[in-house]
Amino acid sequence: MSRYHRTLFTAALVTTVITGTAGWASADAQPAVTGPPPGAAAWLADHSLGRDLPDPGDSTPAQIASFFGELTNTQQQQLTHRHPLTVGNLDGAPVPLRYEANHLALQQAGKRYEALAAPGHQILAFDPRGRGQVAEVYGDLTDAAHVSVVVPGSDTDATDFAPTATMAKNLRAATGNSNRTAVIAWAGYTTPVGVGLDAATAGLAKAGAPRLTRLTEGLEATGAPEPVLFCHSYGSVVCGLAAHDTPYTSDIVVTGSPGMHADTVDDLHTDARVWAAKDPGDWIDHVPNVDIAGVGHGEDPTDPAFGARTVPAHDAKGHTGYFTPGTESLRTFAAIALGTM
C-alpha cells in the first residue's frame, strides 16, 4: 500500500469514527470483561473460616499470597471447592490450587469447555463471562527458572484458544522443553473480533492492560522469575499500554505489531528490553502507523527510530507464523526466553 493510499485509508477511517457511521466497524464491538473475578460477591459473603476473606477487587496479589500462606491445607481446599471460579482467578493464590479450582470450574461449565477440562491441562485462569477467557501453563510454573507469557491478538477467547496454545507450545519446544522452563498462553483479556473499530482503537487494550499487569504481579507474589512477554498483533497494544506498570518483566517482544501507543521505546517507560519482529509479507505492514482521533496505535516498533531490538523474521510465515518451528524468529524467541540473548 502506497503512502497516498495509507493516508486515504486513515482519513476515511477517522471520518467514519468521528461521524459515528461505522456500521461495519461497530457491529463487532465487544464489551470488555473487567473487575474482580466471577463469584467475588459470594466469596466476600463467606465467613466459614471465622474471618473475612480478602476482597478480590482491592487486594494485591502479594496480599492474596500472604492470605493463602496463613491457611491450612484443609482451609485452602475448603475455599477451592466452595469458590472455584474465584480461587482459580486469584493472582497470587498458590498455582497448584488454581489448577485444581479451574478444573472444577471447567467441569461445572459443561460441554463447551470439555477440552480444557480434560486431564493434563494446567489452567491458570478461567473466566466464562463474555466470550470466555483462559490461561494455560506449559511446563512447571512452580519450579521454573524461566517463564514466558504469550499475549495474543484479535479473535482469541476460551473457545478459540488453539492458535495461542500452539504459539506457547512451539516456544517451549524451541527452548528444549526443559522442566525449568514454563510458558503461559494468556488469553486473559477481551480481544477484538475481526478487523473493525475495536481492532483500530485502544479501548479493549486499555481494559486488558491492568489484567496483564496483575498477572505479572501474581507471578512475582508466588515466587516465579521475571517473565518475558511475547505480544502478538493487537496483544502488542496491550503490552505497550501495560509496559510502565509491569516492572516485574525482563523482556517485551512484539510480533506483527500495529503499534504500542508510543513513539519510541523510551515512551514505554519500562526497564525491560524491548524487541520487535515483522515478516516482510505480514499484512500488518499495510496498516497505517498513526494515532489520530483515537484511531490507530502509533509508530511501527520495527522502525529503527523506535529503538527496539530487532528479531529476524524474514522466514516467518505471514502474520501468524512467527512461532513456526524452524524459523529464525522462533529460534531467537527461545534464546530470549532462556536469557541467553
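**Cavity, pocket and core**

α11 is the top contributor to the lining of the largest cavity, giving 3 residues. This is a predicted model: local features need pLDDT of at least 70, side-chain atom pairs count only at pLDDT 80 or more, and totals for chains, interfaces and linings use all residues. Residues are numbered from 1 along each chain as its sequence is written, and side-chain values use heavy atoms, without hydrogens and water.

Terms, briefly. On a 1 Å grid over the protein atoms alone, a cavity is a set of points where a 1.4 Å probe fits but cannot get out; a pocket is an open set with protein on both sides within 12 Å along at least five of seven lines; lining residues have an atom within 4 Å of a point. Helices are DSSP runs (H or I, at least four residues), and strands are E runs of at least two.

The largest cavity holds about 60 Å³. Its lining includes Asp-91, Leu-124 and Leu-141. α7 (95-109) and α11 each give two or more residues.

Now the second largest pocket, at about 420 Å³. Among its 25 lining residues, Gly-35, Asn-89, Asp-91, Arg-211 and Arg-214 are closest to the centre. Which element gives the most to this lining? α11, with 5 residues.

Last, Leu-124. In contact terms (heavy atoms within 4.5 Å), Leu-124 touches Val-95, Arg-98, Ile-184 and Leu-215, among others, not counting residues up to four places away in sequence.

Methods: Points joined across faces, edges and corners; volume = space filled by probe spheres on them.
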